[in-house]
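This briefing goes through one protein model topic by topic. Please look at the chain as a whole before turning to the points below.

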Amino acid sequence: MINTSILFIIYTFIIFLFNFSFSDISENWQLSFQDPATPIMEGIINLHHDLMFFICAISIFVSWMLLRTIWYFNETNNFIASNLTHGTFIEIIWTTTPSLILLIIAIPSFSLLYAMDEIISPSITIKTLGHQWYWSYEYSDYLNTENETINFDSYMIPEEDLELGHLRLLEVDNRMVIPVNTHIRIIISAADVLHSWAVPSLGVKCDAIPGRLNQASLFVKREGLYYGQCSEICGINHGFMPIVVEVVKLPNYIFWVSNKLGE
Ligand code: CUA
């Protein structure tokens, strides 16, 4: 009995070692976040873990207080009731303790908030527009000989056109391509109604608002495919306008850009 469970643990560990891949899509029975690919997403996950500590401590304390109160409210358990109605000392404690906890939480929370807002002299600026119901991307840093910029639409691949290994409702025909380890500014807006450009592994969820430009920064630390979905109810096909970000090495990005400009 013990032998088989030890074997199972070793087996799982070996599978993990040799079969390891980052999770940049949602998985069955997933409980936590997708794996982070940007420093911002790492920060978000760390803050989540920090907050979980306080949540656990507070939940245990409050549950204990409630159960104790319920137990002693019963006549058979506690025949003579307490006649305590108020006390300055206890009131000072239960007012200051929560505010101190909030202050402690505020420090890492604000530093993360300002880090997310920071735009560090971006090398590339990409504009994405939400449409009913697809995304379009503009790379206006580059011009070809006819003075044209890179501009393309990104539609979901419908279920009947999926190939083996494709992810249902997540694949697109034209991916947004960016280089790895580069500061990128993404400008987000919409052409018709509210949309939201969100990619969990990159730690970005930014509203796309008609007539307004929002910006977010990206610094992706590893190559890969990152999947996201529109995250603002935008109409009948809201669930069918996914986002795919392909992160490649810089030479491959330059190749992609020159190819696009040559089109
Ligand atoms: Cu676009 Cu929801």
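The model is predicted.

**Annotated regions**

- An unreviewed UniProt entry gives the annotation "domain: Cytochrome oxidase subunit II transmembrane region profile" to residues 25-120. That span is 68% helix and 0% strand, and its end C-alpha atoms are 27 Å apart.
- The annotation "domain: Cytochrome oxidase subunit II copper A binding", again from an unreviewed UniProt entry, covers residues 121-259. Here the chain is 7% helix and 42% strand, with 26 Å between the end C-alpha atoms.
- The annotation "transmembrane region" in the unreviewed UniProt entry covers residues 6-22, 51-72 and 92-115.
- Residues 51-72 are 100% helix and 0% strand, and their end C-alpha atoms lie 32 Å apart.
- Residues 92-115 are likewise 100% helix and 0% strand, with end C-alpha atoms 35 Å apart.

**The largest pocket**

- The largest pocket holds about 380 Å³ of space.
- Its lining is made up of Trp64, Met65, Arg68, Thr69, Tyr72, Phe73, Asn78, Ala81 and Ser82.
- By type, five of these lining residues are nonpolar, three are polar and one is charged.

**Buried residues and their contacts**

- Is Tyr253 buried or exposed? Tyr253 counts as buried because its relative accessible area is 3%, and the cut-off for buried is under 20%.
- Tyr253 belongs to helix 4, which runs over residues 250-262. Leaving out residues up to four places away in sequence, Tyr253 touches Ile124, Tyr139, Tyr142, Val177, Ile178, Pro179 and Val248.
- With one of these, Tyr142, the side chain of Tyr253 makes a polar contact of 2.8 Å, side chain to side chain.
- Tyr253 and Trp29 are 224 residues apart in sequence, and their C-alpha atoms are 35 Å apart in space.
- Arg222 lies in the loop between strand 8 (214-218) and strand 9 (224-230). Its relative accessibility is 14%, so Arg222 counts as buried.
- Which residues does Arg222 touch, not counting residues up to four places away in sequence? They are Phe22, Asp24, Asp35, Pro36, Ala37, Val180 and Val247.
- A polar atom of the Arg222 side chain lies 3.1 Å from the backbone oxygen of Pro36.
- Asn144 is found in the loop between strand 2 (134-139) and strand 3 (150-154). Asn144 is buried because its relative accessible area is 14%.
- The side chain of Asn144 reaches the backbone nitrogen of Glu146 at 3.1 Å.

**Exposed residues**

- Leu213 is located in the loop between strand 7 (204-208) and strand 8. At 54% relative accessibility Leu213 counts as exposed, because the cut-off for exposed is over 50%.
- Leu213 touches Lys127, Ile187, Ile188 and Ser189, when residues up to four places away in sequence are not counted.
- Leu213 and Glu171 are 42 residues apart along the chain, and 26 Å separates their C-alpha atoms.
- Glu160 lies in the loop between strand 3 and strand 4 (176-179). Its relative accessible area is 68%, so Glu160 is exposed.
- From Glu160 to Lys127 there are 33 residues in sequence and 30 Å in space, C-alpha to C-alpha.

**Backbone details**

- Where is there a cis peptide bond? It joins Gln132 and Trp133, with omega of about -5°.
- Trp133 lies in the loop between strand 1 (124-131) and strand 2.
- Leu169 has a positive phi of about 65°, although Leu169 is not a glycine. With 22% relative accessibility, Leu169 counts as partly exposed.
- Asn181 is not a glycine either, and has a positive phi of about 50°.
- Asn181 is placed in the loop between strand 4 and strand 5 (184-190), and its relative accessible area of 45% makes Asn181 partly exposed.

Note on methods:
Residues numbered from 1 in each chain as written. Predicted model: local features only at pLDDT ≥ 70, side-chain atom pairs only at ≥ 80, totals over all residues. Heavy atoms only, no water. Helix = DSSP H or I, 4+ residues; strand = E, 2+ residues; numbered from the N terminus. Buried < 20%, exposed > 50% of the residue type's maximum accessible area, 1.4 Å probe, protein only. Polar contact = N/O pair within 3.5 Å; in protein donor to acceptor, adjacent residues only side chain to side chain. 1 Å grid on protein atoms, 1.4 Å probe; cavity = no way out; pocket = protein on both sides within 12 Å on 5 of 7 lines; lining within 4 Å. Points joined across faces, edges and corners; volume = space filled by probe spheres on them. Nonpolar A, V, L, I, M, F, W, Y, C, P; charged D, E, K, R; others polar. UniProt positions renumbered as here; feature names shortened; annotations may be inferred. Contact = heavy atoms within 4.5 Å.
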